[in-house]
Amino acid sequence: MLIKNVRILGGEPVDILVENGLIAEITPASDAGAPTPGGPLSGAAGPGSSGASSRESRTGAGVPEVVDGRGAIALPGLVDLHTHLREPGREDAETVQTGTQSAARGGYTAVHAMANTMPVADTAGVVEQVWRLGQEFGHCDVQPVGAVTVGLEGRQLAELGAMADSAARVRVFSDDGKCVDDAVLMRRALEYVKAFDGVVAQHAQEPKLTKDAQMNEGVISGRLGLAGWPAVAEEAIIARDCLLAAHVGSRLHVCHVSTAGSVEIIRWAKTKGWNVTAEVTPHHLLLTDDLVEESPNGSYNPIYKVNPPLRTRADVEALRSALADGTIDVVATDHAPHPVEDKETEWAAAAMGMVGLETALSVVQEAMVDTGLLDWAGVAERMSAAPARIGRLPGHGQPLEVGAPANIVLYDPSVRTEVDPSAFASKSRNTPYEGMTLPGRVVATFLRGTPTVLEGKLA
Ligand SMILES: [Zn+2]
C-alpha cells in the first residue's frame, strides 16, 4: 500500500510505502503539485464525493492499494494511557469493540484499558480476558491496566506479579476511579512493580478532603451551593507519592493532573531526578469550572461533571505551559463513557466523566497547536511516544521511519467541524463539546498497515 502526499509531522509532502505492516520506504511525493479538487482524500470526483481515489483500487482483502493523503499531516498512531472500555460489566456504556472503534476514529492505534470494570481487572484471569477481547474485537491494540488493590478497595494488594506474567503482560497498575490513599499500601505497590519494570498510575484524590465533593472548590462552587473539591486533595497525594516513589526508587505516573499546584510539585520532583511522569486530559486543557454555572448547555449541566473536576482559567494556563515544557509528559483522554440515564439527571446524582477519544486530537490542536504552544512533533511525543514509553508498549509510539511499524494517523488540521455526538463510534454520547466547532479531522488511521479508519469512517 502507498500513502501518497502526506506531510510527516507537518513537513514536506512524501509518499509512504507500507509492506507487511511496516514502513518500507519514504520518498518525496511523486505528484505533490496539482491539488485535487475538494481537498484531502476527496479524490478526483470533487467536493461532495468522498474519496474516489482511495476506493478505486482495493485489493481482495478490502485494503486500498493507494491512499491519497493530500492536505493531511501524518503522525505516529496515538497511544492512550487512560481509557475506560467498560467491558466486562458495563457493556451498555461501552465494549472493547465500540471503545476501540472510537479510539481508531480518534487516531489511536493503542489504548490502555483501565481496571475499574466489573469484575475488576485485579487478577491474571480478568486482564487476560480483556486482552483477548482486544485481540478478537479490537480496532486498535488493547493493553489492560491491572488494579493495584483487590476490588479497588484499597485494603490488600492485587496479584501484581501474576498480572505482569500473564499473556496480557501488564506493566501499568492503577485503581483509577479511586485513590490508593493508604500510604503503606502505596509504598508496597511501588516496591512490588520494580521487579518487572512496572509503574503505578495514581488517581490522586485524598478521599476525606473530597467527601461529597461535586465540583472545583472556589467562588463558583460557593455561588452554586455545590460541595467543593479542593485542589489540595489532589496536590497532597501527588506530593506524598512523589516522596514515596523517590524513597523506594520506583516509577510513579500521576493520572489526570488538574491544578497549577500539582504542576509545581511534579516540576519539583523532576528537578530532583525522580522517576515521576504525569498526564493531563484534553478537557482539562480547554474547559473551566465556570461552565458549570453558565454555558451554552445551561447551568448545572452534568455533562461538565468529571473527576477530577474542571478547574479555573489559571489552572488551565498552568497545565498548558507544563505540557509545553514537558513537566507533564502525556495527554491521556480518561475516556469515560456513560449511558444517557447515568448522565442526564440532576447534578448530584449524575455519573462523573466524559468521552474523549474521538475529540482528543482536535482539542489538543485547539488548546496547544493553534495557540503556538506545541508543534506537531510535540504532539507526537505527548500523544504517542511518551505514553507508549511509560506503558512499556513495544511496537507503538515510534517515529515514522523506514522499518517502523506502520501505525499512522492522517489528520487534516485545516478544516473546522462541529462536534456531532450522534456520529460517534462510542456507545456513549457524554461529550462536553456537542455543538462546538473544533479544528481538524482524523481522515485515516492505520494499524500495522491495515486501515481502521478511511475518509473519517471506520474501515
Ligand atoms: Zn481517575
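This is a predicted model: local features need pLDDT of at least 70, side-chain atom pairs count only at pLDDT 80 or more; totals for chains, interfaces and linings use all residues.
Residues are numbered from 1 along each chain as its sequence is written, and side-chain values use heavy atoms, leaving out hydrogens and water.

Histidine 338 sits in the loop between strand E15 (330-331) and helix H12 (340-343); helices (H or I, at least four residues) and strands (E, at least two) are DSSP runs, numbered from the N terminus. A polar atom of the histidine 338 side chain lies 2.7 Å from the backbone oxygen of methionine 352. Because its relative accessibility is 13%, histidine 338 counts as buried, that is, under 20% relative accessible area with a 1.4 Å probe and protein chains only.

The unreviewed UniProt entry lists a "binding site" covering His84, Leu85, Arg86, Asn116, Asn307 and His338; positions follow the numbering used here, feature names are shortened, and annotations may be inferred rather than shown by experiment. Leucine 85 belongs to the loop between strand E6 (78-83) and helix H2 (96-105), and is buried at 2% relative accessibility. Beyond four places in sequence, the contacts of leucine 85 include Glu94, Val111 and Val142.

Finally, look at helices H13 (residues 360-369) and H14 (residues 376-390). Ala360, Leu361, Val364, Gln365 and Val369 in H13 meet Trp376, Val379 and Met383 in H14.

Technical notes:
Buried means under 20% relative accessible area, exposed over 50%, partly exposed in between (1.4 Å probe, protein chains only). Contact means heavy atoms within 4.5 Å. A polar contact is a pair of N or O atoms within 3.5 Å; within protein, one must be able to donate a hydrogen and the other to accept it, and residues adjacent in sequence count only if both atoms are side-chain atoms.
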